Amino acid sequence: MAQSILTLTTGNFDETIKSSDTPILVDFWAEWCGPCKAIAPVLAEIATEQAGKLSIAKLNVDEHGDIAMRFSVMSIPTLIVFKDGEPAKRLVGAKGKGQLLQELAEFLPASQ
């Protein structure tokens, strides 16, 4: 996993989300999920390119199902953008980089 991607757990989820200065895109995923594996390199690229503007984090739903249930994650990959500690946008399914950046544009500074 890329260094710039945070790994969330039940233990650090709330603190990480609430203390972030930037919006955080949380990838709810599982090891056995093909589309989750397909989107992982895209998220790694975005994490590197948008460092300081947008944080990327991953939460394994098999290991931390309580958090997935709390946010009603029914299918994976589900990506939820948290801004100021609250869920601001939900994206379901694997998407290409261009489409993902387009859907995240409202959370990124205009000068790209």
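A salt bridge here is a side-chain nitrogen of Lys or Arg within 4 Å of a carboxyl oxygen of Asp or Glu. Keep that cut-off in hand; the model is predicted.

**Stop 1: Glu45 and Lys97**

Select glutamate 45 and lysine 97. Their closest N and O atoms are 2.8 Å apart, and the two form a salt bridge. Glutamate 45 sits in helix 2 (residues 34-49) and lysine 97 in helix 4 (residues 97-104), so the pair ties together parts 52 residues apart in sequence. Glutamate 45 is partly exposed, at 39% relative accessibility. Lysine 97 is partly exposed too, at 24%.

**Stop 2: Lys89 and Glu106**

Now pick lysine 89 and glutamate 106. This is a salt bridge with closest N and O atoms 2.9 Å apart. Lysine 89 belongs to strand 5 (residues 86-92), while glutamate 106 lies in the segment after helix 4; the two are 17 residues apart. Lysine 89 counts as partly exposed at 23% relative accessibility. Glutamate 106, at 55%, counts as exposed.

**Stop 3: Arg70 and Asp14**

Select arginine 70 and aspartate 14. They form a salt bridge, with closest N and O atoms 2.4 Å apart. Arginine 70 is in helix 3 and aspartate 14 in helix 1, so this pair ties together parts 56 residues apart in sequence. Both ends are partly exposed: arginine 70 at 44% relative accessibility, aspartate 14 at 31%. The whole structure holds six salt bridges.

**Stop 4: the disulfide**

Show cysteine 33 and cysteine 36. Their sulfur atoms are 2.3 Å apart and form a disulfide. The count for the model is one disulfide. The link is right-handed, with 80° about the S-S bond. Cysteine 33 is buried at 3% relative accessibility, and cysteine 36 is buried at 2%.

**Stop 5: the nonpolar cores**

Select Phe13, Val26, Phe28 and Phe71. These have the most contacts inside the largest nonpolar core, which has 19 residues. Helix 1 (13-19), strand 2 (24-29), strand 3 (55-60), helix 3 (65-70) and strand 4 (78-83) each supply at least two of its residues. Strand 2 gives the most, with four.

Zoom in on phenylalanine 28. Beyond four places away in sequence, its contacts include Leu59, Val61, Ile67, Phe71, Ile76 and Ile80. Finish at another core, which lies apart from the largest one and has 18 residues. Select Val42, Ala44, Ile46 and Leu54, which are among them.

Notes. Residues are numbered from 1 along each chain as its sequence is written. This is a predicted model: local features need pLDDT of at least 70, side-chain atom pairs count only at pLDDT 80 or more; totals for chains, interfaces and linings use all residues. Side-chain values use heavy atoms; hydrogens and water are left out. A nonpolar core is a set of buried Ala, Val, Leu, Ile, Met, Phe, Trp, Tyr and Cys residues joined through side-chain atoms within 4.5 Å. Buried means under 20% relative accessible area, exposed over 50%, partly exposed in between (1.4 Å probe, protein chains only). Contact means heavy atoms within 4.5 Å. A disulfide is a pair of cysteine sulfur atoms within 2.5 Å.
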